[in-house]
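Subject: Structure handover

Dear colleague,

Here is the structure we spoke about. My notes on it follow below.

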Amino acid sequence: MHTPLRHGLTGLLALCLCGAASAQALTSQEKALHVLNRLAYGPRPGDVAAVERMGVQRYIDAQLDPDHIPFPADLQARLDGLPTYNLSAPQLYIQYGPPSFPANTATPEEKNAARQRAAKEITPASHLARLWMATESPRQLQEVMTEFWFNHFNVFEGKEWVRYWNADYEKNAIRPNALGNFRQLLGAVAHHPAMLYYLDNWLSSGTNTPQAKGRFKGLNENYARELMELHTLGVNGGYSQADVISLARILSGWTIAVREMKDDTDDATFIFRPGRHDTGDKQFLGRVIPRGGQQEGEVALDMLARHPATARFISTKLVQYFVSDQPDPELVNQLSQRFLATNGDIKSVLRVLFDSPQFWARKNYQTQFKTPYQYVISSLRATATPVVNDKPVSGVLNQFGMPLYGWLTPEGYKYSEEAWLNPDALLRRINFVNGLSNGKSPIARPEGTQPSPDAAAVDPVQLIQTLSPMLSQNDVTTISSSPANLQVGLILGSPAFMKR
Amino acid sequence: MNRRDFIRYMGIAGGSAIVIPIGLSGCAVAPVGKPSAATSSSGNAPLAYGTPKQRAHANGDGTPRMVVVFLRGAVDGLNVVVPHGDREYYQARSSIAVARPGQNNGAIDLTGYFGLHPSLRPLMPYWESGQLAFVHASGSPDGSRSHFEAQDYMETGTPGQHNTRDGWMNRLQGQLPRSDSPVQALTLGESTPRILSGRQVVANMPTGRDAARQTLIDQPKVNQAYGAMYADNDALGKAYRDGIAARKELMAEMSSNEQRMANNGAPLPNGLSIDTARLGRLMRGDPKIRLGFLAVGGWDTHANQGNGAGQLANRLAPLATGLATLAQELGPAFNDTVIVVVSEFGRTFRENGNGGTDHGHGNVMWLLGGNVRGHTIYGQWPGLNKAELNEGRDLAITTDFRAVMSTLAEKHMRIPDSAMQQIFPQYTTGMQHVSNILV
């Protein structure tokens, strides 16, 4: 049988002198693949060669400085064309939130329709924006870190009002700070209505304060607890239940400017309401917090951002994401020290990581099992499948158990093999990528349209080149002796492509 | 009831309980004053829980199985098992109450005080034979009114704890005798729900009419090609081979079953019943399948809920048929199986301005199985007076859902008492009110 691969096979085997010697340093081609797998969502056609040409060090430097990477005008134009993506948080609330709901006299059908508009209009736009950025943005590390921090500061789009704002949260609180300063990131999150709503701090009022009534009647500890447990110190970070209560009291009155948004959409969405703030004395993490209204919360965020437990917790998560499920304590230490020395400069911390021997060790090369999101995005990139319709992508992420913006609890997704590797997951991935091979995927065309008759199938020879040196010789032999229409699916469904 | 729980229960009930021996192995604890609570001056019918059917344990193949049916969206338990003996129920629900037994679209009387929604008539044979019971005023003690949060708590089995990653059914699976079967636990549909997430391998059963149809990976040529790449004995290789083995087993079982059905000339059932029929046949044919899970949505009836007829009725009818189909198709394995129906919370006692109900608290759990000690309502009815309602608006909870699940885990699935803390950590109240739900 003549298969496309057989023709190109001799040349490909030369490209694929794959790592037999386990202790050897990575080759320059392997290094290029490695940074594309870890700092980006895998190679697109031509990427490995391009990175090899420019040198991995220069690639890393460029990725750490995203503002100097030109942003494609075509991608910008498509983002600008998304109707809800460029609305401000107050505009989103007014146009889609309760102010837009019909009067009580409306029929239940009218009320339901009003409530469902956000899911019909905002959600597809926010998913498209994320998927375009992940698959196409040349500022790949910024996208990787945007996903990382969104997950670290997770909000769930299915919790009522969060749906209005999760795209704005990502766009204006997370992405601009993804490679910036941790304290600024923490502050942007703490003031954003998506987080205020998701973890209920907007409802929280100091006990017996003048404006503590109705649904705002009591202290809510939800955000205060997760702020320490998940966002900063970590569960064993040395705080007590008394600290949780203190922090909740400190943050009482931090809320969403619901009334103000209705009056003036240019205004901020955050407001501090002194009438709901607990003005009593507070001890927090062994310190007396001077009475200072909103400033108390800023002081608490400063303390948390500078805390050694926070440095350790964040460093551990970064090493797990970029190096190995089993973080090397020595590397975690180095990152923590840089974190503390630079007051949480994320770029500097990542530089330590990318300079470390652990990052480049062969035992950590091609070893991390991709999360469903990494797997889906990397297969779209490798096959250069454009995301025209977000629904099939969102659907498959749902199926794989990692819905986009859909993790309902605040700890976010795990990035470990243990969390994602199971028999059913592998078979689903295999079925999914086989749908990408013939160029007729519903992802690449508008909803409800037929595939174009001249849609070109993905060329397996080119795909192997794109991913080289990922596949083993054994894989290439198996693939080339299989029927032509299965080859792309076999490449993307191979054990090698499951990992990064 | 084991000794520990008996003592624990007595400790809680204090001096206000009497012990009534029931049948051969069990005893019920009836707090004094429980029946009198209902014979108040309001003209209500006397509170009555029904009398369990006296019968002997029915033998199956001896391998215990359990199926959890999750009604996502919070079903209105007060219209499922209807307190038709309570006048306040009718006052609070002027347009959506299920009418009294004997009236048009009225409840089917169960105990003289409680009745069943008329759409659930297909389940009545199981009530009559003593294989159907309910636990009323049950649920998760956490006060959340958020669907997502409450479902999550009920699935992780740790109400109030945000960060439990795995589900209690997966932890339960981990306590079953070791099995090399890749299909020890089966969930219907494509994604793995939180309740079954965790370390143990869980298989997904395809749903719908085309479920038994071959996909690409089922073609021998295809799975052989992948098999060659996944030949290594590493984690990926093992996972791949487990996946193919599970798929082959399910596909073979499904296609032979469907073949058999076709031969008998029986038509394929519709909707939910397609899937429950398949699940029942799989579990009957393969005793290695110990746990099953399916979720049914569409219960969030904020508007136009209807009463004995209408929106809720139209959703309950196929559910009843689906459950009855499951029971039938389990065949002799019905005696080895307990089917539990749960929902994240109940709905408000009073109807709202749109002919619906909002997010509430207490609900009813359903128990169906060959050895469920049925024909009775378990739990402790808290009453519907304003003072008795949770926050003045919802049915209160007097039985923690974990009491029911612990009882089933320990007494039915035979999980050792010592392992229960791993399945429901922090839960210490044992089998309160429900130690006696099995024959």
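How many residues does the contact take from chain B, and how many from chain A? Chain B gives 32 residues and chain A gives 30 residues, where two residues are in contact if their C-beta atoms, placed from the backbone, lie within 7 Å.

This is a predicted model, in which local features need pLDDT of at least 70 and side-chain atom pairs count only at pLDDT 80 or more, while totals for chains, interfaces and linings use all residues. Residues are numbered from 1 along each chain as its sequence is written, and chains are lettered from A and ligands numbered from 1 in the order in which they are written.

On the side of chain B that touches chain A, the elements giving two or more residues are helix 4 (147–156), strand 9 (203–205), helix 6 (220–229) and helix 7 (235–264) of chain B. Helices (H or I, at least four residues) and strands (E, at least two) are DSSP runs, numbered from the N terminus. Helix 7 of chain B gives the most to this side, with eight residues.

Chain B

Chain B has 11 helices and 14 strands. Among contacts in chain B between residues at least 6 apart in sequence, 74% join residues at least 24 apart.

Three strands of chain B form an open sheet in the order 4-6-5, with antiparallel pairing; two strands pair if DSSP finds at least two bridges between them. Strand 4 (81–82) and strand 5 (108–109) of chain B are the edge strands, and each pairs on one side only. Strand 5 and strand 6 (residues 115–116) of chain B are joined by two bridges, and Ile108(B) has Leu116(B) as its bridge partner in strand 6.

Ala97(B) is in the loop between helix 2 (87–92) and strand 5 of chain B. Ala97(B) is buried, with 20 other C-beta atoms within 10 Å. Not counting residues up to four places away in sequence, Ala97(B) touches Tyr89(B), Tyr90(B) and Asn307(B).

Cores

A nonpolar core is a set of buried Ala, Val, Leu, Ile, Met, Phe, Trp, Tyr and Cys residues joined through C-beta atoms within 7 Å. In the largest, of 145 residues, Met195(A), Leu247(A), Leu353(A) and Ile491(A) touch the most other members. A second, separate core of 106 residues includes Val69(B), Leu132(B), Phe293(B) and Leu389(B).

Regards

Technical notes. Buried ≥ 20, exposed ≤ 12 C-beta atoms within 10 Å, placed from the backbone.
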